[in-house]
Amino acid sequence: GSEKTATEVKKGEPVKIGGLFDITGGTGDVGTPYAEGEKAYVEYINSKGGVNGHKIELIGDDYAYKIPEAQKLYQKLKSSDKVSAILGWGTGDTEALRQQVATDKLPFFSASYSEHLKDLKQSPYNFLTAASYSDQARTVLKWIKDNHKGGTAKVALIYNDTAFGKSPIEDAKAYAKEIGVDIVDEQIVDLKALDTTSQLLNMNKKAPDYAIINQTWGATSTILKDAKKLNLKTQFIGLNWATGEGLVKIAGDASENFIGVVTHAFPYEKDLKGMKDVEEYLKSKGQKLEDKNQKFIQGWVTAKIMAEGIKNADKMTGDGIRAGIEKINNLDLGGLAANVTFTKDNHAGTNKIRLAKVKNGKFEVFTDYISYK
Amino acid sequence: MLKVNNLEVMYDKVILVLKGMSMEVPKGKIVALLGSNGAGKTTTLKAISGLLKSENGQVTDGYVEFDGERISTLDAEQVVKKGVFQCMEGRRVFEHLSVEDNLYAGAHTRKDRSQLKHDLEKVYHYFPKLEMLKNRQAGYLSGGEQQMLAIGRGMMARPKVLLLDEPSLGIAPLLVKEIFSIIKRINEEEGTTILVVEQNANVALSIAHYGYIMENGRIVMDGPVEQLLANQDVKEFYLGTSQGGRKNYREVKSYKRRKRWL
Amino acid sequence: MTFFLQILVTGLVIGSIYALVALGFVLIYKSSDAINFAQGEFLLVGTYICLTLVTAYNIPFIAALIMTLLFSAVLGLVVERVVLRPFIGEPVISMIMATIGLSSILAGIVHVVWGHETRVFPKVFPEGTVKIGTIVVAPVYIWSFFIVLVLLGAFTLFFKYSKMGIAMRATADDQQAALSMGISVKTVFAVAWAIAAVVSAVGGVLLGNINGVNSSLALIGLKVLPVAILGGLDSIPGAIAGGFIIGVIESMTGAYLDPYFGGGLKEVVPFIVLVFILMFKPYGLFGKREIERV
Amino acid sequence: MNLLEVRNISLAFGGVKALNDVSFTIRKGEIFSLIGPNGAGKTSMLNCISGLYRPTEGSISFEGADITGMKPFKRAGLGIARAFQNIELFSHLTVLDNLMLGRHTKMKTGVLAGGFYWGRAQKEEIEHRKAVERVIDFLEIEDIRNIPVGRLAYGLKKRVEVGRALAMEPKLLLLDEPMAGMNAEEKEDMARFILDIHEEMGSTVVLIEHDMGVVMDLSDSVAVLDFGKLIGKGTPQEVQENPDVIKAYLGEEQFI
Amino acid sequence: MRNPFVMECGEFHVNYKQDTALFKIARVRWRVLAMLALFFAFPLISSDYVIGLVTLCGIAAIGAIGLNILTGFTGQISIGVGAFLGVGGYTSAVLTAKLGLSFWVAVPTAGLVTALIGALFGIPSLRLKGLYLAIATLAAQVIILFVISRWDSVTGGTSGLVLARPTIGSFAFTSETSYYYLMLVTLIITTVFTLNLFRSRVGRAFIAIRDRDIAAEVMGIHLFKYKLLAFFVSSFFVGVAGALLGHYTMIVSPELYSIGVSVEYLAMILVGGLGSVFGSIYGAVFITLLPVFLRLGVESLSVVFPELGAIFNGLKEVAFGAVIILFLVYEPEGLAKIWRNIKDYFRLWPFSY
Ligand SMILES: Nc1ncnc2c1ncn2[C@@H]1O[C@H](COP(=O)(O)OP(=O)(O)OP(=O)(O)O)[C@@H](O)[C@H]1O
Ligand SMILES: Nc1ncnc2c1ncn2[C@@H]1O[C@H](COP(=O)(O)OP(=O)(O)OP(=O)(O)O)[C@@H](O)[C@H]1O
Ligand SMILES: [Mg+2]
Ligand SMILES: [Mg+2]
């Protein structure tokens, strides 16, 4: 048993892409629409005739957010299905597979935007399709710096004790120092926290003007509710996984005035050019944009970038697709996300984000795509 | 009243323990069931009381009849409701319950709850020691006290038939006498029918009306007590006496007589 | 001082939720000596049922809650009948493993029926906060606090005096002997599971009102295990005390230690305290000790 | 010479005084019986001797050395072996393995040697196997040596338990009601074993038994406990005639 | 029916050495050899994917044997295996990646370090029993993971560490096949070691403690020492498994060692059979492959009913739970027992009566 993995795909044959989805696991609430978005785009592009005469076949499965399952599923995708690239999901599994995808030469997109995936030496086959968590945090800090009135802005960081949660922290602190924003406090809040009173009270002793949250919806909502209960004056700003329709739903009133980092468009931003394709696809399925949420768009966009890479590829192998992705230059995503550009020495597609504020139970985007640079 | 007919019992679908066991317990009498270790006495009782199922045992042939009704397919709790109550081997008191709660547990199937207080008094009347200990945790009682509790628990169920499995096990001689005299009194005063399984043949036969002897899964001898007491083999193997009165254990090394029925 | 009191009260009210969930463990353990690893999923199912009744069928909350409790009771009965009945008389470890299997089954069903989207209760408990002096508490927690106290009383009496309560304790001690008393072990288990499911559902509905409902709610089950152990697995007052103690320790650690350790100690310290206490009280604070005589 | 000296032992559980100022000595090579009503503290006394209970007061010495605070496993090393009132065998192990466990203190194989099972470990295993086979022969349990003890009938279990204690080649053998639940015939067998052990192996035996016939026939001396107090001791004859003992334990009329 | 009192016909052991042998009967010895040959030849006929899966099974089996030593044989329930796997993985990662030691030194060292930490967390077993002890091991799980994710300077914190595949000289174990052999040899050593252990003094003492600790103590077994020893030996193998797993997947991170992993290992030994060495292996294979087969099933069903994909994902969990329960109901003694039954059946076939 020593056959090589995916050989070159012949003309006219489908290109196989592997998918690692979380449907039933800990992040199933956002993983499910994300996976749907990816599948939807693939179906959409195939209905348009595929790319370069290849249909795309997305072979994916639920790994329930369990890393060992992800590893087994990856083995299968690689050895059995012989896929040429992978659409992954969480931070843990992306990390766990980083080395292997490099050995197996399979380009890998995940929904985890850890800064160190930028490091080409460590992770030559990983790509970041949206602004990294660190870039998100830096941009937020920059925005604070630019918009804060009266003295030096005091900022607290709230995150959880996982690779995901901690990912932007060091970079954020370094950047804050650089631009002259005070990081006055850090609080760790568990992803499943029932109560954050002690953290918030401690934080409040430092009286921060802003608190940047890198969490998922559940924990963010708990924080916002407790903050409301304790009547805190701090402005909370969440990175992309804290942001989304789900937060408003769970936190209710407490989410008013919360500011979120928006990496991908909300389906209700119907005016966006890119939303037309989505609408068209959904119509063909008898669905409406209103049924979908932002994570669907995120999946859609991710798959779209992958398809673009395949389009640019000279050879239909993992390596070839990587080269294809590296040729993407200022790909216009029709406003669904910031335009992306990849090169041989840059696998981070963008560092731009938008910011949105919750008004009357709805995220309203109030900036253009901005960046700290 | 209670009739066991040609009963066959198997454990684990493999080990045949009862091989055609038959016996009868007449109403209002005390019947003793004797037999060596592993003969299947406990198994017989369990087959009657429906406790086999929870031990992976099953009745493969024959039946048990109580008041003309077959009970060998019933669940344990139904058998108790019908009025057959087994005091299990080794006392099996509920260790973490108080003595009194143990007694209440015994009355679990009783419908006439208003009578409980009265019956409790009665148990305390037969076993005054239990009253003194009523709030103690049963697990810390001494062996004899636990045995009293086990029998008292049986009384609380007001059974028509009480099955006693080795009530003398590990009990000091004086107390054995006391317990058996109480068993006799319960039989006489309450009219409870009693089937008692014993190793201590002397004491069992001293209160019983009728006796059965079992070996290897079937009855090998039965008869009224007087008749059994007169039997040479019974004397030798169960009563531990021979022609010259009690044998001395220092001298038993010399010879062993074969049992005639083997 | 206000800071301290706020932290203390927060710990107590969170503790009351822990206590509620821990009660479920205790009830199962009291009748079968087993730990129910599906406790979290019971809680989840109950919560979803209530949620569905309220949101999809527009049934008033109280009525929905009562229906949920009835449903939970039935669920407990069904689970006992279908899944756990065969384990009567088997070693406890098999039973525990079966509950792990059960948790997977329930999680799967929840997923098929309700998906993974986070859902939210419509406003059931009054909005805003309750102020006790300078301290603020969310109303849900006040409710939970009182429910816990009521259940504590009710169950204590139940186990001490009722026929079923005695039968349940007896069964936990010795199933065979209980059978020989005419105690229907099946009924005992069924009742225990039904009650445990009901208690969990109450806990779940309260939790659901705090943070919305999705499948990760089930994780509370594992989180509360130390609470049940600390109090003593078979002790109802133990579960309550354990809940409050762990709640307060967590809250205090979060407030006073986390700042020095970079946070996160809050989740760990209860375990350290737990092991420490167990070394002195090997059966928890109020657990019955194994009677070992030779 | 005194093998064991028990001096002023008291033992209390909460409020319950299980033993109250009990003293006696056991001479080397005798069969010593401990009798008394249920709950008198006989088993508790054995537990004190084998180290499972720590007496609240008093001291115990074995071969002249004080062992009051010593852990049970160490006492086993000194040569104190025990068979229990309610059979405490290792029910999933075979008869052979149960007996081999009796040799535990006499063996040395550690984890590594055992795991790799190289020369010395194997040799030791075989050597002790021989010793165990002698016990098996002695107790006439050859045919069951490979059966897990959980499956054995009661009487055989009792015998295996005595065997396990014997495998320790004890200087002092403690037997807690070895004949309970046996019929006359089986009691005779067990009595024969106890006498043989005593004669052939020279072990000193402490026997707890409720069957007065057995006690009176086998013992060299007898001690009687009641409510944790020693109410009489001496030869069987003396004890049988002691009025306190008769009142508390034996009763006026004797069972056959 | 086979009479349990009669020995297998035609086999006589004339000395104790034969009678204490691991595989007493010649035919069994042959069968074992044949199985071994099969395992060694297996990669030649199989795909990388399957070899990879079997490698994962094998590594899990080493860990499961380790856990079984503690839980199945010594009766000390542990829900901390996950974290001990982590200790093994991390130790090896730190030793190789940070200190530059060789894999061949690092893995045994990882075993030893895990063993020591295991023994440390075994200390509560002095006083705690049963489920209470189980929770103390759960505490170990939580505490160890906390330390791992906080000790950034050594462990790389939450983002973990990257490991390399081992090398001998210029040969690197990068292929699935080569790593498979590495696993296989380790598994064989583990298995033989454990089998030996339980036919000699220490192993017997472990079982005695499980069956009846008080009696064991009276037999001269130092309970505390032996319990710690059981934690030590058990954790050693778990640590080795963790290290092997780390080098196989080439990554260690705290999220890999969650409580879920601990529960999964418990499931392995329960389904396989408590107190059975081969059972641990069957159980490890079963629990590792069950999701794979369920996924296969779902996939083939999805081809027929593509719309029902989401439902199938839920059903997968249902099936997983149901299989475990059915196992426990129909064969509480686990796969090992089923295997024995099959053997018994064939041995006496056609006279199985
Ligand atoms: N649950 C069981 N599973 C398998 N075999 C059993 C079981 N219970 C009893 N046996 C076997 O059945 C036989 C008869 O046992 P039983 O307990 O009925 O005997 P007994 O006459 O009561 O003996 P004793 O006087 O020792 O109590 C014994 O050989 C015993 O090993
Ligand atoms: N571990 C314990 N905890 C509390 N009380 C105990 C304990 N062990 C024994 N006792 C108490 O000590 C007293 C003596 O018990 P012990 O078992 O020594 O009696 P015994 O003479 O062996 O009686 P039997 O003949 O019934 O076996 C009893 O009252 C018993 O309840
Ligand atoms: Mg019996
Ligand atoms: Mg005693």
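**View 1. Polar contacts of ligand 2.** In this predicted model, an oxygen atom of ligand 2 lies 3.2 Å from a polar backbone atom of B:G143, a polar contact being a pair of N or O atoms within 3.5 Å. On chain D, an N or O atom in the side chain of D:N38 is 2.8 Å from an oxygen atom of ligand 2, and a backbone N or O atom of D:A40 is 3.2 Å from an oxygen atom of the ligand. Ligand 2 taken alone exposes 630 Å², of which the protein buries 91% (Shrake-Rupley areas, 1.4 Å probe).

**View 2. The shell around ligand 2.** Because residues from chains B, C and D surround ligand 2, the site is shared between chains. The shell holds 18 residues, and B:Y140, D:N38, D:K42, D:T43 and D:S44 come nearest (a residue is near if one of its heavy atoms lies within 4 Å). Helix α1 (residues 42-50) of chain D supplies the largest share of this shell, 3 residues (helices are DSSP runs of H or I, at least four residues).

**View 3. The largest nonpolar core.** This core has 326 residues, with B:F127, D:V160 and E:Y265 among those having the most contacts inside it; such a core joins buried Ala, Val, Leu, Ile, Met, Phe, Trp, Tyr and Cys residues through side-chain atoms within 4.5 Å, buried meaning under 20% relative accessible area (1.4 Å probe, protein chains only). Helix α1 (residues 2-32) of chain C gives the most to this core, 15 residues.

Residues are numbered from 1 along each chain as its sequence is written, while chains are lettered from A and ligands numbered from 1 in written order. Local features need pLDDT of at least 70 and side-chain atom pairs pLDDT 80 or more, whereas totals for chains, interfaces and linings use all residues of this predicted model, and side-chain values use heavy atoms, without hydrogens and water.

Conventions
Buried < 20%, exposed > 50% of the residue type's maximum accessible area, 1.4 Å probe, protein only. Helix = DSSP H or I, 4+ residues; strand = E, 2+ residues; numbered from the N terminus. Polar contact = N/O pair within 3.5 Å; in protein donor to acceptor, adjacent residues only side chain to side chain.
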